[in-house]
Amino acid sequence: MPIQLKILAIFLAVAFFVFIINLIYRDRAEVRHMRKWILFAIIILIGAMFPELTAKIAYFLGFKTLMSFTLFSSTGLLFLIVIRLQISVIGAESRLKLLTQELSILKKRVKELEDDK
């Protein structure tokens, strides 16, 4: 890996890490949601600092180039994150639907009690 590319990858990983920490610090994101992105930034940083190790892992797993291994693993990781987020959204929608139904029932009961008086 050329030294310029190595420096750029390290810089981008550190910048990404700082960006995530800044989001948490400013209360724009929660730590529990950002843990996976912090881990992702650390993996990028390790891969950039030790490209020979990453290349050996890629070759061991059957990838011809480090770039194809990186793209494959990044895409797989992002798919897993999207699936988990989709499951969270589905759960939130179900809870919101139930809450709306319960609120409607309570409003109806309050109105009935007011009408009885």
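**Close-up 1. Glu-30 and its salt-bridge partner.** With a relative accessibility of 41%, Glu-30 counts as partly exposed. This is a predicted model, and in it the side chain of Glu-30 meets that of Arg-32 in a salt bridge, with 2.6 Å from N to O. Arg-32 itself is exposed, at 52% relative accessibility. Why can such a pair form? Side chains of opposite charge can pair when their charged atoms come close.

Close-up 2. Helix α3 runs over residues 51-60, and Pro-51, Thr-54, Ala-55 and Ala-58 are buried in it. Looking down the axis of α3, you'd find these buried residues within an arc of 100°, so they line one face of the helix. The background is simple helix geometry: an α-helix has 3.6 residues a turn, so residues three or four places apart point the same way. And which exposed residues sit on the face of α3 turned away from its buried side? They are Glu-52, Lys-56 and Phe-60.

Close-up 3. Which helix gives the largest share? That's α1, with four residues. Helices α1 (3-25), α2 (31-49) and α3 each supply at least two residues of the patch. Phe-60 turns up again from the previous view, where it was one of the exposed residues on the face of α3 turned away from the buried side. As for Leu-61, look for it in the loop between α3 and α4; Leu-61 is exposed, with a relative accessible area of 52%.

**Close-up 4. Met-67 on helix α4.** Met-67 is found in helix α4. Buried or exposed? Met-67 counts as exposed, at 53% relative accessibility. Now pick out Phe-79: Met-67 and Phe-79 are 12 residues apart in sequence, and their C-alpha atoms are 18 Å apart in space.

Close-up 5. Staying with helix α4, which covers residues 66-116, we come to Glu-114. Glu-114 is exposed, with a relative accessible area of 55%.

Definitions and conventions
Residues numbered from 1 in each chain as written. Predicted model: local features only at pLDDT ≥ 70, side-chain atom pairs only at ≥ 80, totals over all residues. Heavy atoms only, no water. Buried < 20%, exposed > 50% of the residue type's maximum accessible area, 1.4 Å probe, protein only. Arc of directions from axis to C-beta. Salt bridge = Lys/Arg side-chain N within 4 Å of Asp/Glu carboxyl O.
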